[in-house]
Structure formats: structure tokens, C-alpha cells
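Please keep the sequence and the structure at hand while reading.

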Amino acid sequence: KRTAYTNELIKWIDKPQVKVLTGIRRCGKSTVLALFKAELLAQGKSADQIISLSFESFSTEQLKNANALYKHLQLEMQAQQKYYLLLDEIQEVFEWEKAVNALLVDFDVDIYLTGSNAKMLSSELATYLAGRYVEMSMFTLSFEEYLDFQQSCFPDRQQDLGQDFTNYLRKGGFPVVHALPYEEEEAYKVVRDIYASVLLRDTIQRHQIRDVELLERVIRFTFDNIGNTFSGKSIADYFKSQFRKVDVNTIYNYLNALEEAFVLHRVSRYDIKGKEILKTQEKFYVSDLSLIHAMLGFRDRLISGLLENLVFLELKRRGYAVYVGKLGDREIDFVAERLGAKVYIQVAYKLESNQKVDREFGPLLAISDQYPKYVVTLDDFWTEDVLGVKHLHIRDFLRTSYPYG
């Protein structure tokens, strides 16, 4: 039921702000909107008060400009009553923000939008609706949601947390992949189709990118360097070593386009002592691990970065602002902040030696404040805490009650 998202929408019923649910294509936004519609009906709203439109459907093809959409809804809203507008993939409508603004002015409406491109908030939406909207980020299935999803789709299966985590790590969290018992290669074919759609519609077409081959090279570089700090210049230098001259600004434009389409998430570095955000050597994480596996295959050598990626996404799901921590010449994988509180997290594959233990626990022990500190690994047998720093298996970390600490 994706209750984290439906409950968040329920909180905002009848409040004057436009509610905007954003996330990568196929993460489940349309389903959440349908679940929310059922909730509105359960709360006593009448069916004729609720108008749902999906702009991925051919039935709305004639409504994909602001004027046509406004006129259609004007005809639908003849009665003197409050209406609830659920508009799915609104970015497909040309100048949609003008229509939404006019609807707010002219009618008694409560508006809910979904979109698959972050740019709709930073420019189009902000221009007409500054201060009158709230954004809610949506992600693919969390590990906990994945377990619920499995129980719902396959009620007779026996739960095996170890095998379930491996399956989640390898297949990712796109709901469609888990709705049927797909084999791994079948799942990756489904994900490749999602990837192709996102790349074409939300990246190449939107930004009129001509050098698609270069764009895909940039994507492969970032996927192959998950969990590593790098810059646009380091990507350009890599291409130069491959005898391909590329302008650094082009690299940054492509990275920005991939962020807007929710393929990638950029994470800045944070100086813990100086308490300032640094401008160089960022990290990028992918919106779902299955995108990496579908494009590169499952690569064991990426395991530490993949685990970091899972922890990053979980922190974002729980509403944290996330940074890479810098403490002198040491790095903390994540410094996460929420409502004035912090949590520090190191992520590693396994702690096979005392040297590895010192490397992961040492930077956290050097931080003098009293906020919670975690080392998260795939260790099944060694899970001791060290001087107040908690050591958790990643399965347990992903299922820890919210919020951490």
C-alpha cells in the first residue's frame, strides 16, 4: 500500500498548497495516486468530486497544453462544490503550470500532481506557484516495502531474510519487477526498458541532447564509480585518456540532466569541523541498484558502493539531508541531518581484519558530539558495538525503526 506516501498525502487533504509527488518513472507514483483516490472516497468524498487524469494515457492526448487542459476541467467542474484534481505525469502538458495556477484562482480545488522530472519544481512550478506547493519525493521500494510486497503478491512463500536481501540487492526496488516471479535476466530486461524510457523522454528529448553516445558513456562511468568521489573534470580526464576530448561543461550539463530525471542523486561533501558544504569531489548515487545491474551486469567489485547506495536511499526515504563527511584527511560515508539532529554512518562490505575495523570505526570515534554513529556492513557473525558506535548488519539497518537513534 506504500503507506509512507499515502499517509503523507492524507496529511495535506484540504490544505491550500498544491501537492507534488516526484520520482523516477515506474517507481509507483500512479499507483499511490490511485490508492489516495480510494482514501478520499473512504473519507466520504463523492466520486464526482474527484477528477483523475493520466497524461501518459492516449485518452488525454488532446489535453496536453495548458489551454485545452483548463477548458476540459472547467467543463468537468460545473457544480458548486469542492473538487479534488489528481493529475498524473503533469510535465507532459505544455505550460501546465499556467493551467494549475488558473485553476487555483478560479475554482475551489485541492490539487495533487505527479511528475518524473525535478526541473518542474525548480523552474516551471516555482515561477507560478512560489510558496503555494509542497514537494514529496518518491523512491522505488525500500527493503521493508519489498518484504511487504512479496508477502502481498506471493502469500504462500516462506520468508528468508538472507535470500530476500540478496534478491533485493540484485533486482532493486522497481515495483513492476517484483509483481511477477521474474528471473534475474528477465528483471533486467524490464529495467532496461524503464531506463530507455527515462533516458529518451526525461533526458534526451527534454534537454535536446544530440550526442547520445557520450551521454551513455557518462552514465556508465558514474555507474561504475558508485560510492567514489569524483568531479566532472575527472570524467573529462578519463575520456581524454580514451582519446575522446570532451568539454567539462558538457559533462556537468549531462550530470544535471540525469539528476533532473532522477537517474542520479548528487551528494556534496561536508566539512564536519568547519561546518560548511564543500564544492569539490562530490559523490553520485543511482535511484535504484537495478539500473546498474541492467547496464553493467552484477559486479562483485562494486559491492561496497552498492551497499552505500542502499543506505543513501534509505536515509533519503526517511527525510534526511545527506552529505559525505570530511574530518581532516578522513572521510565519513554519510552525515545525515533531519530536524536539527544528525546521524553519522560508515558503510563497508565486511570487517575482515583489525585494520579494517580501525578504518571504519576510527573516523566515527574521532567525532566529539553525541549524535548516533553507525557502522553498517554485511557481516553475519561479528556485530559488536565499539565504544558507543553501533555495528549493524545492513538488513537490520534498513529495517530499524524511524528515525535512527
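Which residues line the largest cavity? In this predicted model, the lining consists of Thr140, Leu141, Tyr168, Gly172, Gly173, Asp288, Leu289, Leu310, Leu313 and Arg317. The volume of the largest cavity is about 40 Å³, and the structure holds one cavity of 30 Å³ or more. Helix H14 (303–317) gives the largest share of the cavity lining, three residues. By class, that lining divides into five nonpolar, three polar and two charged residues.

The largest pocket has a volume of about 1,400 Å³. Among the 48 residues of its lining, Arg2, Thr3, Ala4, Tyr5 and Glu145 are the closest to the centre. Helix H1 (3–11) is one of the elements that supply at least two residues each to this lining, and H1 provides the largest share, six residues. Other contributors of at least two residues include helix H2 (29–42), strand S5 (133–137), helix H6 (143–153) and helix H16 (394–399). The lining comprises 16 nonpolar, 12 polar and 20 charged residues.

The second largest pocket has a volume of about 430 Å³. Of its 23 lining residues, those closest to the centre are Glu259, Phe262, His265, Arg266 and Lys316. Two or more lining residues come from each of S5, strand S6 (264–271), H14 and strand S8 (321–327). The largest share, five residues, belongs to S6. Here the classes are 12 nonpolar, seven polar and four charged residues.

**Nonpolar cores**

The largest nonpolar core has 91 residues, and the members that touch the most others are Phe165, Phe223, Val311, Leu315, Phe334, Ile345 and Ile394. Helix H9 (residues 184–207) gives this core its largest share, nine residues. A separate, second core of 25 residues includes Ala66, Met77, Leu85 and Leu129.

**Salt bridges**

Side chains of opposite charge can pair when their charged atoms come close.

| Salt bridge | Closest N and O atoms |
|---|---|
| Arg244 and Asp211 | 2.8 Å |
| Arg266 and Glu282 | 3.2 Å |
| Glu360 and Arg359 | 3.9 Å |

The salt bridge of Arg266 with Glu282 links distant parts of the chain, with Arg266 in strand S6 and Glu282 in strand S7 (residues 276–286), 16 residues apart. Arg266, which is also one of the residues closest to the centre of the second largest pocket, is partly exposed at 22% relative accessibility. Glu282, by contrast, is buried at 11%.

Note on methods. Residues numbered from 1 in each chain as written. Predicted model: local features only at pLDDT ≥ 70, side-chain atom pairs only at ≥ 80, totals over all residues. Heavy atoms only, no water. Core = buried A, V, L, I, M, F, W, Y, C linked by side-chain atoms within 4.5 Å. Buried < 20%, exposed > 50% of the residue type's maximum accessible area, 1.4 Å probe, protein only. Helix = DSSP H or I, 4+ residues; strand = E, 2+ residues; numbered from the N terminus. 1 Å grid on protein atoms, 1.4 Å probe; cavity = no way out; pocket = protein on both sides within 12 Å on 5 of 7 lines; lining within 4 Å. Points joined across faces, edges and corners; volume = space filled by probe spheres on them. Nonpolar A, V, L, I, M, F, W, Y, C, P; charged D, E, K, R; others polar. Salt bridge = Lys/Arg side-chain N within 4 Å of Asp/Glu carboxyl O.
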